[in-house]
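This report describes a contact between two chains and a set of annotated positions.

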Protein chains: 2
Amino acid sequence: MGIVVQKYGGSSLADADAIKRVARRIVENKKAGHDVVVAVSAMGDSTDELLDLAGAVSPLPPAREMDMLLTAGERISMALVAMAISDLGFTARSFTGSQAGVITDSVHGKAKIIDITPGRITSALADGHIVIVAGFQGVSADTKEITTLGRGGTDTTAVALAAALEADVCEIYTDVDGVFTADPRIVPAARKLASVSYEEMLELAACGAKILHLRCVEYGRRYGIPIHVRSSFSQLEGTWVVQDPTDGGTMEQAIISGVAHDRSEAKITVVGVPDKVGEAARIFEALSEAQVNLDMIVQNVSAATTSLTDISFTLPRTDGQAAMNALAKIQAEVGYDKLLYDDKIGKVSLIGAGMRSHPGITAKFFAALASAGVNIGMISTSEIRISVVVTEDEVDQAVRATHSAFDLDAEEIEAVVYGGSGR
Amino acid sequence: MGIVVQKYGGSSLADADAIKRVARRIVENKKAGHDVVVAVSAMGDSTDELLDLAGAVSPLPPAREMDMLLTAGERISMALVAMAISDLGFTARSFTGSQAGVITDSVHGKAKIIDITPGRITSALADGHIVIVAGFQGVSADTKEITTLGRGGTDTTAVALAAALEADVCEIYTDVDGVFTADPRIVPAARKLASVSYEEMLELAACGAKILHLRCVEYGRRYGIPIHVRSSFSQLEGTWVVQDPTDGGTMEQAIISGVAHDRSEAKITVVGVPDKVGEAARIFEALSEAQVNLDMIVQNVSAATTSLTDISFTLPRTDGQAAMNALAKIQAEVGYDKLLYDDKIGKVSLIGAGMRSHPGITAKFFAALASAGVNIGMISTSEIRISVVVTEDEVDQAVRATHSAFDLDAEEIEAVVYGGSGR
């Protein structure tokens, strides 16, 4: 009987029939006695169409106007969802991000939510309406300009609304059945997780699992909002993202939650860096100034005979050109030998909160990779994660071997389609 | 060096190339030293596409949500125009109706502007930006809901902005060269008017000339805003709509400004109405309750032998079914004999401020129709207009004969395409 916040992504709102199906599902929750608040993304490919139009009028459109343009997408889908709900005999009120009180900073294209003032939402709920909110958008506190939240924005809108409204749950509807122990397209025996902790989900998201965006999970953890990731195409229970999961009703937490992989990164090696104080700092300063996001960083021990070292790091392939340019500019200053660029890599990560208290996980992981004939390029670890870089074409066998070695394979194979969640 | 307000309709913004052309034209005005404020409609057919989507999810969508949906159209076009301007090296700021301070009443789908509070516009102009405003939309004063202005809405937005900003001129860019003495598709010798008075333009608009909407002209007249109707596809001067026109530089105003026609109406005749006090009132009450817009009304003198009269009126064909239903309900009460419905009619109107001081215009008009073999069904007049109803298939010859009789034919024929102006 509390407030339920739901999020529907673009793939769940692809056309009029999909919108009607979503409306029926929303109404079911209302009938069950809940106050329902829904965050929606733009329909299907409509964001890409708007981006194409922008590209056709200007190669470098101003960020303010790009936000004005893209926010039209959610405006269309939210109005259509409200209409479809009305057609089922219930009343709905759609609100833009600005109307819903989604207050952000003023960084166009990747604004951060700084407050939610949901006065219009709570009034509409009090009047018995279902509330539909445009995801992905807000209004800046100081300039009163329309902003967008960047990738995963609608997930973040939904969780932020759930926090502000003290909702019982935030349901993220997507085109897959939940969070799996691995990508089922690679590992057909992957199992759907009944639940997973916020911190594991953060690692999964950071390591390439596209089902929930990092910011959404961070928000959920900070405010303790249970997030239920589930399919809009079935009535199955999905995966609960919570503070203290007990997967499958067992008393003890599973050691390993899943195997994630990521093919979107590249590796750069700076060869022959003089092993002096400050050289590494200069390299990473230059990359930071070029707005390059770094992931894993490895520095080899220098050979005693040369006093030269190699520094390798991984980064999104989309940042590759900017990084190479930034490094080329400082070659004389730093005095390194040369740059190597490799975008035929992949990252495989083993994630599990239980590995804190179970030694030997790393050894077992590396043994599984070795027996599958996979060579390890780079290694990085956190308390609950071990990641390795391998060659791109060995990613699939690395994921499968690891999944089997940790007994994650299901006895029956679930039929799912695993895909990205858009924005 | 003052403020110029421009309006571009959907046909001038059909695709990326059209938007770039509009941007170049806007920038020309900025370069000439003007402060430029632009009201835009939705691109090309995009409004129809949104209407189709709405129809696909709900046969009777709530008006509030319909306004939320349709206002996405101008949001897209205004952002794209701002981007195209930026690409030319100038800065533009787009504003929604709400941001631009277009305050309306709360009648969704046909809201009226009650105030303009253009603080953000004047700030942006002061900062040297070109301002792009979403036409056709506003925000209601009391409920803070998004509203739309209905047909001709963007024209009205433009003129209202011109009034609020005390602009020098409101330029309405469309896909024709201006206001013509008749529809050039029917009368190839029709001439473009250099200027026309507000009151004549109001009659032209009311009588079927689709180039400017009635509300826009009314607004212009009330605030004394010179309206310049011109083509976005050429650099030609168009038609000036002003208080006191002097067409073609002559000292005296032309007697006749033009011949308008309208094929969108139907005629209903209520046959055999008892000729008693209050019967006609009851009929028009019923039509008013059914929200039917009436145009011409004619009551025949009753035949002395029967004490029965016939009442005929014209109305938009789109209101025909509602009117017939409303009248059928009161047949017993009023005691009329039967209803006749005829939608094969057309209206031809002769308009000119000079006819006030020139007797004999009516006689000449009717003589022209007679010599063309056109039979007159109904007649209505104002101080500066004479309208007749004819059969639909005689409209063209009636327009041509009238145009010739009043020496309106040009010596050289201008090549134009005459079309509707959308919203």
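## Salt bridges and polar contacts

Between chain A and chain B the count is two salt bridges, a salt bridge being a side-chain nitrogen of Lys or Arg within 4 Å of a carboxyl oxygen of Asp or Glu. One of them joins B:Arg120 to A:Glu145, with the closest N and O atoms 3.5 Å apart. Twelve residue pairs are in polar contact across the interface of chain A and chain B, both residues at pLDDT 80 or more. A polar contact is a pair of N or O atoms within 3.5 Å; within protein, one must be able to donate a hydrogen and the other to accept it, and residues adjacent in sequence count only if both atoms are side-chain atoms.

This is a predicted model, in which local features need pLDDT of at least 70 and side-chain atom pairs count only at pLDDT 80 or more, while totals for chains, interfaces and linings use all residues. Residues are numbered from 1 along each chain as its sequence is written, chains are lettered from A and ligands numbered from 1 in the order in which they are written, and side-chain values use heavy atoms, with hydrogens and water left out.

## Extent of the interface

Chain A and chain B bury about 3,300 Å² between them, 64% of it on carbon and sulfur atoms; buried area is the accessible area (1.4 Å probe) that two parts lose on being put together, summed over both. In chain A, the residues that lose the most area to chain B are A:Val57, A:Arg75 and A:Met83, together 23% of what that side buries.

The contact (heavy atoms within 4.5 Å) takes 41 residues from chain A and 41 residues from chain B.

## Annotated positions in chain A

An unreviewed UniProt entry lists A:Lys7, A:Tyr8, A:Gly9, A:Gly10, A:Thr174, A:Asp175 and A:Arg185 under "binding site"; positions are given in the numbering used here, feature names are shortened, and annotations may be inferred rather than shown by experiment. These residues span 179 residues in sequence, and their farthest two C-alpha atoms are 24.5 Å apart, so they do not all gather at one spot.

A:Lys7 is buried at 1% relative accessibility, where buried means under 20% relative accessible area, exposed over 50% and partly exposed in between (1.4 Å probe, protein chains only). The side chain of A:Lys7 makes a polar contact with that of A:Asp155 (2.8 Å). A:Gly10 is also buried, at 11%. Leaving aside residues up to four places away in sequence, A:Gly10 touches A:Ser41, A:Ala42, A:Met43 and A:Gly44.
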